[in-house]
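Work through the following exercises with the sequence and the structure in view. Each task is followed by a solution in steps.

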Amino acid sequence: MCIPEPKTIWWDEGLWLIDQTQLPLKLVPLKIESIRQLVAAIKSLSVRGAPALGAAGAYSIALAAERSHATNAFDMIAELEMAADMIRNSRPTAINLSWGVDRALQAARGGESTEEIREAALRSAEGIAEEDIRVNRAIGKNGAKLLEDGDTILTHCNAGRLACVGWGTALGVVRSAVEAGKKIEVYACETRPLHQGSRLTAWELAEDKIPVTLICESMSGSLMRRGKIDKVIVGADRITRDVVFNKIGTYNHAVLAKHHKIPFYVAAPLSTFDRIYGEEDITIEERDPEEICTLAGVRLAPLGINVYNPAFDATPLELVSALITEKGVFRPPLMPPV
Ligand SMILES: CSC[C@@H](O)[C@@H](O)C(=O)COP(=O)(O)O
């Protein structure tokens, strides 16, 4: 089975992305004209998922350079640094966002004229985008060896091609296993409150004709108890020395998987590893209460109710059976080399 590879974010005389807020009803490209618009697109999750945010971060520097009216390299770099700060601060948890920004900014700093800076920033961003697909293919290949023909996988949120430039991390593993001829089925958790599972994962897998069944996340324990799940595979927003940060609800699945002796795998590129900080140093993004209080414009909760709406949770590494990376599979406490 050969699966096509459309991109989530790309440059074509300007920056484009698939507007993920429109899925699954509409697959529409969105042209990004300014850093302010890109910040809004990141905050509203038009572009989301750690590796896609990495590419968005890098392209933000190319965009800022393209839009700059600076007449000398010094002023242009100062403008790029301001854009970089705005982008880095737009979502705090996924490490790839600042990783992409910093890589492109570093490349831009090597330019001696405004033209060289523009070229270097765009070259760096295009390189990161291409590298993302190569890396995800390698993650897929490494992870596919852990899946057996006939396996049923549980996944949470969307760690598919929409969360990356292409192919996907957790869903990349599924895709690679299917490409290798294995029959794999997936349970996709809807992923409250923003439904990346039902809107994106279910859509992606259905597009690829990979059998997918949508569930609410509260159903995973019951399915595990009944022997319906062989493995759990999720992506990650940041992996520190002690925990995996991923979409809120991931920790629940990890605890349940441990209890039911089901392997719990995390698939992520090396760019998602944070070699400096630990759990206590990382800010978990808290989002607008309205995301929980309303659904498609319908009010689901009393006005003024207290709400707790973190976007991510932390899963201790002792609950993780293996980290699947482009450099191989690592069983914690073993970590991939820098
Ligand atoms: C390969 S994507 C890994 C993670 O970024 C993904 O699982 C996730 O939690 C995304 O959250 P989101 O809030 O949609 O950006």
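**Exercise 1.** State into which domains the protein chain is divided, and describe the side of domain 1 that touches domain 2.

*Solution.* The chain is divided into domain 1 (9-137) and domain 2 (144-330), with bounds that come from an automatic or database domain assignment. The model is predicted: local features need pLDDT of at least 70 and side-chain atom pairs count only at pLDDT 80 or more, while totals for chains, interfaces and linings use all residues. Residues are numbered from 1 along each chain as its sequence is written.

Step 1: the C-alpha centres of the two domains lie 25 Å apart. Step 2: domain 1 brings 26 residues to the contact and domain 2 brings 31, where contact requires C-beta atoms, placed from the backbone, within 7 Å. Step 3: on the domain 1 side, helices H2 (50-67), H4 (95-109) and H5 (114-144) each supply at least two residues, and H5 gives the largest share, six residues. Helices (H or I, at least four residues) and strands (E, at least two) are DSSP runs, numbered from the N terminus.

**Exercise 2.** Identify which residues of the shell around the ligand are the closest, and which elements give two or more residues to this shell.

*Solution.* Step 1: of the 19 residues that surround the ligand, the closest are Arg 48, Ala 159, Ala 163, Gly 235 and Lys 247; a residue is near if its C-beta atom, placed from the backbone, lies within 6 Å of the molecule. Step 2: H2 and strand E9 (243-247) are the elements that give two or more residues. Step 3: each domain contributes at least three residues to the shell.

**Exercise 3.** Decide whether H7 is largely enclosed or largely open.

*Solution.* Step 1: nine of the 12 residues of H7 are buried, so this helix is largely enclosed by the rest of the structure. Step 2: the buried residues, among them Trp 203, pack against strand E4 (152-155), helix H6 (170-179), strand E5 (185-189) and strand E6 (212-215).

Methods. Two residues are in contact if their C-beta atoms, placed from the backbone, lie within 7 Å. A residue is buried if 20 or more other C-beta atoms lie within 10 Å of its own, exposed if 12 or fewer, and partly exposed in between; C-beta atoms are placed from the backbone.
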